[in-house]
Amino acid sequence: MINTTRFLENLHRLRSFGAHGTGVIRRAYSEPDLASRDWLASQMAAAGLRPHFDAMGNLFGLADQPSLLLGSHSDSQPTGGWLDGALGVIAALEIAQTAQENGGPAISVVSFQDEEGRFGVTTGSSVWSGQVSQEKADGLTDSDGVTLAEARQALGSRAQERVDPSQFTGFIELHIEQGPTLDASGQQIGVVSDIVGIRDRVVTLSGQQNHAGTTPMALRRDAFQGLTAFNALLNARLRNVVTPQSVWTIGHVSVSPNASSIVPGQVRFSMQWRDGDPERLMRMEKVIDETLHEVASAHGLEIELGPLLGLEPVEMDNALRVRLETGAEAVAPGQWRRMPSGALHDATNVARLMPVAMLFVPSIDGISHAFEEDTDEADLVAGLRVLAHAAGVGI
């Protein structure tokens, strides 16, 4: 039977790597990240699995025969929550160990690397799935200018060959919702119907750095003014294109030279948008591009567009989804719902290789990607039990 005490203890043990207050700081390839992966590898071995790091640092715990793959990721945002991804990895570990102890079905476990996008969008699973080549990924840089190739050197002798996906019959990922729907409704489980698509790119606006006291306003080529004008226009321009489920975000901004007495000569920012319709994603891209060029022309700025990264919307596999729904009704009768995922997950990439499904548990007050992120223990255990039910492991 599932050992819920062991599950919660391991979840809190993983929390200790990079712990910061109630949250964690465990970015991909950092010392806490690698230490946590080494600990996870030891736990996989103790559960009768064969630990295996690939060249990206994706960590697999492999069963000795064809198996269902369970897991998520264990890296965090720069300032992240303790459950984001970690829940799915530790739940997978508990189910695999229970299966080993009780003669259950073969279960393999994975903790994907850099799901949180230090170097792009779900980078580890993107490379493993073939969405992005290792060579192309190695040229990606983080916000400090470090390349993925440089960061991967920290793996040292851990890095081995790619894991063959043909040994897996499917993939199920348990995750916190990272939104308010389940918490507000008082429901315990969300069975995911589909995952939205995403587009993400870095934009640089360049003007003319100059003296803040002597440069007339009419003669300025102020890059930051260009960004603020773009941001102010964008909502109105997108209004007739989007739906209430569409979202867009300017999330990371770097101003140069970032000094109080200098007109900013350059601003670099991230532009991200998400929607469940591929055509709408393209229409949003067109509006964003047209607005950027209009603002740049009006402010005398030059535009540099980074590579457009992204993933297409993905529907969950019907057979796996039904197994989750059956488990949800058994564990939380009448207290579950079918719902889309507005957040991006590794399951999107893995869907290129095999059938995938996902389930959610509530996030208290809908908070995630923050130190305050949390979920009631009863809901964590309910998610574990639903996942075990779908995996064919006794609960």
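**Around V393**

Modeller: Let's start with V393, which touches I2, I95, T98, A99, P105, I107 and A388, leaving out residues up to four places away in sequence. This is a predicted model, where local features need pLDDT of at least 70, side-chain atom pairs count only at pLDDT 80 or more, and totals for chains, interfaces and linings use all residues. Residues are numbered from 1 along each chain as its sequence is written, and side-chain values use heavy atoms, with hydrogens and water left out.

Colleague: Why is V393 called buried?

Modeller: Its relative accessible area is 6%, and buried means under 20% (exposed is over 50%, partly exposed in between, with a 1.4 Å probe and protein chains only). So V393 counts as buried.

Colleague: Why is α3 called oblique to α12?

Modeller: The axes of α3 (residues 86-101) and α12 (residues 377-391) come within 10 Å and cross at roughly 50°. Under 35 degrees would be roughly parallel, over 145 roughly antiparallel, 65 to 115 roughly perpendicular, and the rest is oblique. So α3 is oblique to α12. The axes are lines fitted to C-alpha atoms, for helices over the stretch in contact, and angles run from 0 to 180 degrees between N-to-C directions.

Colleague: Which residues of α3 and α12 meet?

Modeller: L87, A91, A92, E94 and I95 of α3 meet L380, L384, L387, A388 and A391 of α12. By class, that contact has nine nonpolar, no polar and one charged residues, with Ala, Val, Leu, Ile, Met, Phe, Trp, Tyr, Cys and Pro as nonpolar, Asp, Glu, Lys and Arg as charged, and the others, Gly among them, as polar.

Colleague: And what makes α1 roughly perpendicular to α12?

Modeller: α1 (residues 4-15) and α12 pack at about 115°, with axes 11 Å apart. That angle makes α1 roughly perpendicular to α12. The contact is made by T4, F7, L8, L11 and H12 of α1 and E377, L380, V381, L384 and R385 of α12.

Colleague: What is the largest nonpolar core?

Modeller: A nonpolar core is a set of buried Ala, Val, Leu, Ile, Met, Phe, Trp, Tyr and Cys residues joined through side-chain atoms within 4.5 Å. The largest has 55 residues, and I95 and I107 are among those with the most contacts inside it. Its largest share, 10 residues, comes from α3.

Technical notes
Helix = DSSP H or I, 4+ residues; strand = E, 2+ residues; numbered from the N terminus. Contact = heavy atoms within 4.5 Å.
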